[in-house]
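Colleague: Please put the model up and walk me through it.

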Amino acid sequence: MQNGEEVFDENVGAVSEAPRTKRQIQYPEQTREFDSRLTKTGRRSLSHSISHSSTDSNSSGGSDAENPEDEVSPRDMQQINSKGNMDFCIKNIKLADFGRREIELAEDEMTALMALRKAAQGEKPLAAAKIVGCTHVTAQTAVLFETLKVLGAQCRWAACNIYSTQDEVAAALAEQDFPVFAWKGESEDDFWWCIDRCVNVEGWEPNMILDDGGDMTHWIYKKYPHLFKKVKGIVEESITGIHRLHQLSKAGKLCVPAINVNDSVTKQKFDNLYCCRESILDSLKKTTDIMFGGKQVAICGYGEVGKGCSAALKAMGSVVYVTEIDPICALQACMDGFRLAKLGDVVRHVDMVITCTGNKNVVVREHMDLMKNGCVVCNMGRSNTEIDVNSLQTPELVWQHVRAQVDHIIWPDGKRIVLLAEGRVLNLSSSTVPIYVLSITATTQALALIELFNAPEGRYKQDVYLLPKKLVIFETFNTCFVFFVL
């Protein structure tokens, strides 16, 4: 509870196991606004840490390299591919060949999605579909984009995260005439500008939405609500986006059916668990070079993401505390051998605090005031409001940028905490994630789009649905079959 009001549940497990329509859910204010009349200088005015984020964040040492091209916003550059197409906005089209090799490498591991592409390309189940998307722009998601195109869809894409875009992959997509608007290190204004460029197109209107976090859906509701007259459905991947859809549904404002991919068994049991179990260690190593043995770690939330992170750190010799408000997830943490605690009781002596909930204000300024010197604070959940970063933007605190995705926040007495990726999703901002589990999630998204687009009128009402079990079973069987054959 915050100030006597109910906020997001501080766990992701409860969200996946209980209906969200019976509880009042509050959502963070949408402070990021789009203003097409900003000057070029204003568009390039990034925060002290964002301005360095366009360098390779996978490097584990050194400060951010200086590149004169980084000073020029892609919005201010004339861009054209080898075919004369200019309907895109990326960092550098010259990276296309490099990005194509990365996409081809991802295709080898994304067996389920490639099997779906092969099986359905003749039928073209997405012919006449016009999909506008807002997801991460990486080699793995590029395989999904191109699969949708092979299945007949027209697509326009923006990034859902200002740090996770792989510029070389965006270049490879643009070279193939794929309208993509994304680059690593976008400002907040760039973020909304890119989304607007995907939607506000003369002579082209979307009839499907693929979202990760709900920002594309939010923007269309806010700026172009008339487009929903043609939209047949929304496919949402993240817990934060599902929260927002349930809010719209409860208020009677959800005017199209939506499929909840996040709570699909293929997303929960594979992507959320195994992806995070493997990527949390890599992300922490690449940003902090930290040793895990003997470290005391507080994991906030014991849903599938929390389970994966807890297991990985425990296996490396860390002492793991779990904070959890859902009794079932709390009991699971206890039976898995973790120490249950309230964050306020352990925050003074832990070495790391990791949020894994998708909720709001899980770690607030009062917690950070109590943290010891050198405590690492990061977020593995989808919402960038899990850590109250705004409360750290005060005159008495000094921000010191160390390297890509790493900032020291220094208190007046000299104490400092280490904030990673400005509280955004750590593994997708600072590292890479296992391709195979992403293939399962991407296939779920593709199947959900096919289902909604081809569903007869009346099958789905204006509500939030889980993917039909027959499609989940098909995907699981197909994935296992392909894996066995290989």
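Modeller: Let's start at Val 305, which is found in helix α11 (residues 304-315). Helices here are DSSP runs of H or I with at least four residues, strands are runs of E with at least two, and both are numbered from the N terminus.

Colleague: What should I know about the model itself?

Modeller: It's a predicted model, so local features need pLDDT of at least 70 and side-chain atom pairs count only at pLDDT 80 or more, while totals for chains, interfaces and linings use all residues. Residues are numbered from 1 along each chain as its sequence is written, and side-chain values use heavy atoms, with hydrogens and water left out.

Colleague: Back to Val 305, buried or exposed?

Modeller: Val 305 counts as buried because its relative accessibility is 10%. Buried means under 20% relative accessible area, exposed means over 50%, and partly exposed is in between, using a 1.4 Å probe and protein chains only.

Colleague: Which UniProt annotation covers Val 305?

Modeller: The unreviewed UniProt entry has a "binding site" feature covering Gly 303, Glu 304, Val 305, Gly 306, Lys 307, Gly 308, Glu 324 and Asn 427. Of these residues, Val 305 and Asn 427 are included in the lining of the largest cavity. UniProt positions are in the numbering used here, feature names are shortened, and annotations may be inferred rather than shown by experiment.

Colleague: What counts as a cavity?

Modeller: On a 1 Å grid over the protein atoms alone, it's a set of points where a 1.4 Å probe fits but cannot get out, and lining residues have an atom within 4 Å of a point.

Colleague: And where is Glu 324?

Modeller: Glu 324 sits in the loop between β8 (319-323) and α12 (327-335). With a relative accessible area of 14%, Glu 324 is buried.

Colleague: Which other residues does UniProt give as "binding site"?

Modeller: The unreviewed entry also puts that feature at Thr 138, Asp 212, Glu 237, Lys 267 and Asp 271. From this set, the lining of the largest cavity includes Thr 138, Asp 212, Glu 237, Lys 267 and Asp 271.

Colleague: What does Glu 237 touch?

Modeller: Leaving out residues up to four places away in sequence, Glu 237 touches Asp 211, Asp 212, Val 261, Asn 262, Lys 267, Asp 271, Thr 441 and Gln 445. A contact is heavy atoms within 4.5 Å. Glu 237 lies in the loop between β5 (233-236) and α9 (239-250), and at 13% relative accessibility it counts as buried.

Colleague: Asp 271 is on that list. Where does it sit?

Modeller: Asp 271 is in helix α10 (residues 265-288), and it's buried, with a relative accessible area of 7%. Neighbours within four places in sequence aside, Asp 271 is in contact with Glu 237, Thr 266, Cys 276, Val 437, Leu 438 and Thr 441.

Modeller: Ser 279 is in helix α10 too. At 1% relative accessibility, Ser 279 counts as buried.

Colleague: New topic, helix packing. At what angle do α3 and α5 pack?

Modeller: Helix α3 (residues 96-109) and helix α5 (residues 139-150) pack at about 80°, with their axes 8 Å apart. They are therefore roughly perpendicular to each other. The contact involves Arg 100, Glu 102, Ile 103, Ala 106 and Glu 107 of α3, and Ala 139, Gln 140, Ala 142, Val 143 and Glu 146 of α5.

Colleague: How are those angles defined?

Modeller: Axes are lines fitted to C-alpha atoms, for helices over the stretch in contact, and angles run from 0 to 180 degrees between N-to-C directions. Under 35 degrees is roughly parallel, over 145 roughly antiparallel, 65 to 115 roughly perpendicular, and the rest oblique.

Colleague: What about α3 with α6?

Modeller: α3 and helix α6 (residues 167-175) pack at about 100°, axes 7 Å apart. That makes α3 roughly perpendicular to α6. Ala 96, Phe 98, Gly 99, Arg 100, Glu 102 and Ile 103 in α3 meet Glu 168, Val 169, Ala 171, Ala 172 and Glu 175 in α6.

Colleague: Last one: how many helices and strands are in the chain?

Modeller: The protein chain has 17 helices and 15 strands, and buried residues make up 59% of its 486 residues.

Key: 1 Å grid on protein atoms, 1.4 Å probe; cavity = no way out; pocket = protein on both sides within 12 Å on 5 of 7 lines; lining within 4 Å.
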